[in-house]
Amino acid sequence: MPNDIQISKFMSLVLRYAPEEAGLTLDENGWADLSTLCTAIERKFGASSADVVRVVDENPKKRFAIEGDRIRAVQGHSVDVDLGLAPATPPPVLYHGTKEEFLRAILREGLTSQSRQHVHLSKDVETARIVARRRKGKDVILRVDSAAMAVNGATFFLSDNGVWLTDHVPPRYLLEISERELP
Ligand code: HQG
């Protein structure tokens, strides 16, 4: 039985970051040929195309979308793709989960997109905590004054799986939420 998590991680890798590892090319909107991906996954994991479709359907974060004979990741890209998302008005407050070790740099430079195309923001503290917990160390949750950013001209996008994306969050819009304020 192929391991769905391994397959999903491989799909994230090739659909966001290193398509050549599956012999894929991404078009300008991030779409790749589904059957080429299935062939690569069959070789690597012995999994069928039905397994690939199941991984897409059951992915807890709905990371992938299939449309006809093509597939793409809905967010999280490192390679330059245009997901065609329309700018959207964010809720007045968004959150970002990170680690204490990054805090000084973040409060100095703001949130920057690092190896991805965008800064990723969460709609609630719970989601931000899950994002923070992916890494070792002490969690830090930041409150983002998205209302003020939007008023001052920042553009936000909402990915198909509910992640808020923007280019940069300057430090003046960030506030660390103290431990006792957290739910
Ligand atoms: C930090 C997962 C130093 C930032 C999650 C983060 C999310 C800075 C790390 C999605 C910084 C980048 C994204 C600065 C930001 N100086 N560190 N100026 N600005 N950072 O993985 O937000 O599983 O690229 O705080 O659920 O952690 O991939 O971003 O810790 O939705 O679908 O630099 O990834 O989704 O790390 O996570 P990432 P992220 P998937």
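Domain bounds in this report come from an automatic or database domain assignment. On that basis the chain of this predicted model is divided into domain 1, residues 4-73, and domain 2, residues 94-181, and the C-alpha centres of domain 1 and domain 2 lie 28 Å apart.

Helix α1 spans residues 4-16 and helix α2 spans residues 34-45, with Phe10 in the former and Phe45 in the latter. The count of aromatic pairs comes to one, and that pair is formed by Phe10 and Phe45, whose ring centres are 5.7 Å apart and whose planes meet at 70°, so the arrangement is edge-to-face. Because Phe10 belongs to α1 and Phe45 to α2, the pair ties together parts that are 35 residues apart in sequence. The two partners can also be described by their accessibility: Phe10 is buried, with a relative accessible area of 7%, whereas Phe45 is partly exposed, with a relative accessible area of 21%; the cut-off for buried is under 20%.

Met11 likewise lies in helix α1, and at 0% relative accessibility Met11 counts as buried. The C-alpha atom of Met11 is separated by 8.2 Å from that of Ala73, although these two residues are 62 residues apart along the chain.

**Strands β1, β2 and β3**

Strand β1, residues 32-33, is joined to strand β3, residues 70-73, by two bridges, and these two strands run antiparallel. Strand β2, residues 64-67, also pairs with β3 in the antiparallel sense, in this case over four bridges.

Which backbone values does the model give for Lys62 and Gln114? Lys62, which is not a glycine, has a positive phi of about 50°, and its place is in the loop between α3 (49-58) and β2. Gln114, also a residue other than glycine, has a positive phi near 55°, and it lies in the loop between α4 (100-109) and β5. As for accessibility, Lys62 is partly exposed, with a relative accessible area of 47%, while Gln114 is exposed, with a relative accessible area of 66%.

Strand β4, residues 94-99, is mostly covered, with six of its six residues buried. Both faces of β4 are covered, with Leu94, His96 and Thr98 buried on one side and Tyr95, Gly97 and Lys99 buried on the other. Six bridges join β4 to strand β6, residues 139-144, in an antiparallel arrangement, in which Thr98 stands opposite Val140 of β6.

An open sheet of three strands has the order β5-β8-β7, and its pairing is antiparallel. The strands β5 (119-121) and β7 (157-158) stand at the edges and have a single partner strand each, so one side of each is left without a neighbour in the sheet. Between β5 and strand β8, residues 164-166, there are three bridges, and these strands run antiparallel; the bridge partner of Val119 in β8 is Thr166.

**Ligand surroundings**

The ligand is surrounded by 19 residues, of which the closest are Arg16, Lys61, His96, Thr98 and Arg116. His96 and Thr98 are also among the buried residues on one side of β4.

| Residue | Atom of the residue | Atom of the ligand | Distance |
|---|---|---|---|
| Lys61 | polar side-chain atom | oxygen | 2.3 Å |
| Gly110 | backbone N or O atom | nitrogen | 2.9 Å |
| Thr112 | polar backbone atom | nitrogen | 3.0 Å |

For Lys61, the atom concerned belongs to the side chain and faces a ligand oxygen at 2.3 Å. For Gly110, a backbone N or O atom lies 2.9 Å from a ligand nitrogen, and for Thr112 a polar backbone atom is 3.0 Å from a ligand nitrogen.

Definitions and conventions. Residues are numbered from 1 along each chain as its sequence is written. This is a predicted model: local features need pLDDT of at least 70, side-chain atom pairs count only at pLDDT 80 or more; totals for chains, interfaces and linings use all residues. Side-chain values use heavy atoms; hydrogens and water are left out. Rings of Phe, Tyr and Trp (its six-membered ring) pair if their centres lie within 6.5 Å; planes under 30 degrees apart count as stacked, over 60 as edge-to-face and the rest as tilted. Buried means under 20% relative accessible area, exposed over 50%, partly exposed in between (1.4 Å probe, protein chains only). Two strands pair if DSSP finds at least two bridges between them. A residue is near a molecule or strand if one of its heavy atoms lies within 4 Å of it. A polar contact is a pair of N or O atoms within 3.5 Å; within protein, one must be able to donate a hydrogen and the other to accept it, and residues adjacent in sequence count only if both atoms are side-chain atoms.
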